[in-house]
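Please look over the sequence and the model shown here before reading on.

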Amino acid sequence: MLAITTNHYLILSFALFSIGLFGVAARRNMITVLMSIELILNSVNLNLIAFSYQLSDLTGQIFAIFTITVAAGEAAVGLGILIALFRLKESTQLDKATELKG
Amino acid sequence: MKNLIWLIPVLPFLGAFLNGVVLRHRVDKRTAAIIACAVTGIAAALAIGIIWDYTNDPAFAGGKPFEHDYYVWMPAGPVHTLAEGAKDFNIPLGFLLDPLSCVMLFVVTFVGFLIHLYSVGYMSHEEGFQRFFTYLNLFMGAMLLLILGNSYAVMFVGWEGVGLCSYLLIGFYYKEEFPPYAGRKAFVVNRIGDFAFVLGLGALVATFGSLKYTEVFEAVRANPALMATAGHLGLTLAGFIALCLFIGACGKSAQIPLFVWLPDAMAGPTPVSALIHAATMVTAGVYMVARSNAIYQLAGGVSMVVAVVGALTAIFAATIGIAQNDIKKVLAYSTVSQLGYMFLAAGLGAYSAAIFHVMTHAFFKALLFLGSGSVIHAMGGEQDMRNMGGLKKHLPHTSRTYFIGALAIAGIPPLAGFFSKDEILHTAAAGGHWILWAVGIVTAALTAVYMFRSYYLTFEGHFRGTHEQEHHLHESPPIMTTPLWILAVGAVLAGLLGIPKMLTFGFLPEDKFGHFLEPVMEAVGEHHAHHVSAGLEWGLLAVALVIAFGGWLLARRLYGGDRGLAADQAFAARVPAVQRTLANKYYVDEIYDATVIRGFWATCRGLFRFDAGFIDGFLVNGARNVTVELLSLSSSLFDKYVVDGLVNGVGKVMSLGGRLFRRVQTGYVSNYALVLAAGMFALVCVFVLMRMR
């Protein structure tokens with residue numbers, strides 16, 4: 001039986017982060033982007049908890065709980081923006097929202 | 001009392017200020033006349049008091065001058081002088097009282113006061129009465145400044161002041177055409193003389209660094225060698241200064257060649273002719289030459305010029321006087337002629353004789369002019385003697401006083417003119433200047449003839465004017481005849497101040513006048529140096545007497561009774577060319593017009609063309625072309641391309657940068673996220689790389 005080490009967590013975390021980053025960069029739907037951001041945040045949480053476990057320091061786990069809380073707020077704000085955007089554009093496609101184009 | 005000397009010029013100025021500025025036309029003629037006469041009268045009384053005080057003060061015995069500087073008028077700072085090297089040059093405003101200024105002071109205030117009184121009557125029907133007395137007071141103030149000033153600078157202020165008043169009063173009837181022209185002529189001719197006068201003053205400053213009489217004359221006497229060094233125009237320094245001052249005197253005192261203004265000055269009111277153009281202002285030149293005797297004494301050649309010019313003027317004007325029909329013109333040329341006598345005396349070194357003649361002349365010429373004014377007043381403005389005649393019975397006072405004046409000027413003893421004229425002729429003869437003496441004696445004969453001609457034409461025979469004029473004839477009011485009589489007394493008695501020694505007969509005072517003036521002329525050898533034998537002296541006297549009486553009798557024979565006009569016509573018929581030349585005043589005005597005035601205009605036109613063509617056309621417009629076409633063009637190019645280019649360049653760089661960097665802002669959130677991630681990755685790389693080192 002292969003022991004699960006910190007490295008494994010880190011690889012998982014990296015994979016999650018990469019998927020999330022890909023989703024943020026490549027997907028057009030804003031809901032998907034928000035979900036990808038959640039993925040990135042959770043990859044960070046995983047990282048924090050993995051190191052907390054390895055170092056036997058609970059600070060990392062407490063920090064992860066804080067991050068989850070903030071992520072919830074972030075999701076609420078993100079969904080609020082989403083609704084505002086939908087009202088404006090009748091769509092959730094991010095490539096329609098190009099008001100900041102120079 | 002002497003300390004009140006400043007009041008004498010200030011009083012008339014005050015009168016002029018009151019009448020001319022404060023009251024103007026708000027007061028009636030009576031008040032204006034009272035003010036004008038009061039200030040002059042007080043000044044005259046004060047002057048007599050001060051002269052009395054001065055002559056009786058032992059501190060000033062022997063003619064020591066009383067001098068007081070009131071304040072430094074122009075502190076000019078250091079100048080380089082020939083006599084003393086570097087020196088502080090100041091012009092103080094101060095007054096000087098010495099025998100010479102005493103004489104002038106007395107004459108000016110006394111005669112001036114009488115003429116003021118007379119003017120009240122003469123001008124009573126005239127417009128501009130207040131203006132007249134303002135000017136007259138102003139004149140008195142300036143004249144007193146001229147004679148009382150203790151330096152050439154103060155004298156010059158008065159000198160110009162009287163010139164201004166002369167101009168104003170000649171042009172008094174400014175609504176007519178001729179008087180303003182005559183006024184301008186007088187002013188311009190005087191400027192020519194003044195130019196030389198100022199040059200002379202400049203030379204004095206450059207030589208001595210002072211204009212005060214006391215300092216200048218002391219320095220002149222102390223430095224005869226310096227005065228003999230070469231000046232300008234090939235003259236010695238003394239000669240140059242003397243010549244400049246004399247040309248100034250020529251202008252003011254109407255000598256050849258600057259006499260032309262005086263006859264025209266008769267366009268002014270007659271009291272003005274009497275006061276300014278006979279008794280006082282025109283003698284200022286003689287006064288100035290006499291005052292500068294220390295300089296003239298060192299300038300023998302120029303003194304001779306003064307004498308010759310004087311003699312020539314005397315005979316020249318006297319011949320013109322014979323052929324004039326305007327009563328004032330006769331008197332005007334007579335004045336020029338008598339001024340010539342004065343310069344003849346001054347040029348021969350007989351300065352006290354010149355001043356003596358100034359004084360006697362002031363009396364009898366003022367008298368004659370006022371008499372002619374009285375006649376003109378009675379004739380309603382008529383001045384042509386051909387339309388007069390027989391006025392004796394209508395104007396008894398005027399005719400008698402005029403006759404006395406004529407006797408005095410003709411040199412009939414014992415009236416004033418006899419003594420003063422005789423002294424001048426005696427000087428000429430005693431100095432051996434027989435030609436000048438001859439000119440003088442011929443002039444004396446002519447003087448007697450033309451004066452009595454004017455008397456006989458005016459007062460004797462039958463009236464030749466219109467019936468209306470005859471009806472209007474009346475003797476002048478007492479305010480006019482009283483001054484006439486007072487002046488007549490002066491004309492009779494003034495000569496007794498200068499009786500020559502041989503006529504004293506042992507009991508009369510001998511030449512008091514000359515002795516009185518001696519301190520001022522003291523350094524001068526004067527004519528006392530020349531002694532002639534008693535026989536010759538009696539001979540000269542006899543000739544003078546014969547000439548005077550001969551002239552009188554000749555005039556009486558020619559012009560007495562009703563023969564006057566016939567005699568003139570006979571003269572014109574016998575020598576028409578001569579008569580025409582004399583009546584036209586030797587065509588001097590015409591000659592001046594053809595040469596000086598035309599030349600002046602031609603020069604003016606030439607200068608105008610030069611101005612318009614060269615200065616305006618070439619220099620000014622050229623400068624404009626250079627600046628506008630070249631400088632402003634280049635400056636505009638610089639502005640356009642360099643300055644604006646910089647400003648626009650900054651803008652262009654900004655705009656280009658904007659155009660380039662706007663592409664970064666795609667507006668796609670994913671792009672931003674990618675950049676964010678890339679930035680983070682880069683930061684991590686940097687962090688890691690730094691840790692690895």
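## A nonpolar patch on chain B

Val157(B) sits in helix α5 of chain B, residues 152-170, where helices (H or I, at least four residues) and strands (E, at least two) are DSSP runs numbered from the N terminus. Together with Leu4(B), Trp6(B), Val10(B), Leu14(B), Tyr70(B), Tyr71(B), Trp73(B) and Met74(B), Val157(B) forms a nonpolar patch on the surface, with about 760 Å² of accessible area together. The elements that give two or more residues to this patch are α1 (7-23) and β1 (66-81) of chain B, and the largest share, four residues, comes from β1(B).

Such a patch joins nonpolar side chains (Val, Leu, Ile, Met, Phe, Trp, Tyr) within 5 Å, from residues with over 30% relative accessible area and no salt bridge; a salt bridge is a side-chain nitrogen of Lys or Arg within 4 Å of a carboxyl oxygen of Asp or Glu. Accessible areas come from the Shrake-Rupley method with a 1.4 Å probe, and for residues only the protein chains shown count as cover.

## Basis of the model

The model is predicted, with local features requiring pLDDT of at least 70 and side-chain atom pairs pLDDT 80 or more, while totals for chains, interfaces and linings use all residues. Residues are numbered from 1 along each chain as its sequence is written, chains are lettered from A and ligands numbered from 1 in the order in which they are written, and side-chain values use heavy atoms, leaving out hydrogens and water.

## Backbone features

The peptide bond from Ile256(B) to Pro257(B) is cis, with omega near 5°, and Pro257(B) lies in the loop between α9 (237-252) and α10 (261-264) of chain B.

Technical notes:
Patches are made of residues with over 30% relative accessible area and no salt bridge: like charges are joined within 9 Å, nonpolar side chains (Val, Leu, Ile, Met, Phe, Trp, Tyr) within 5 Å.
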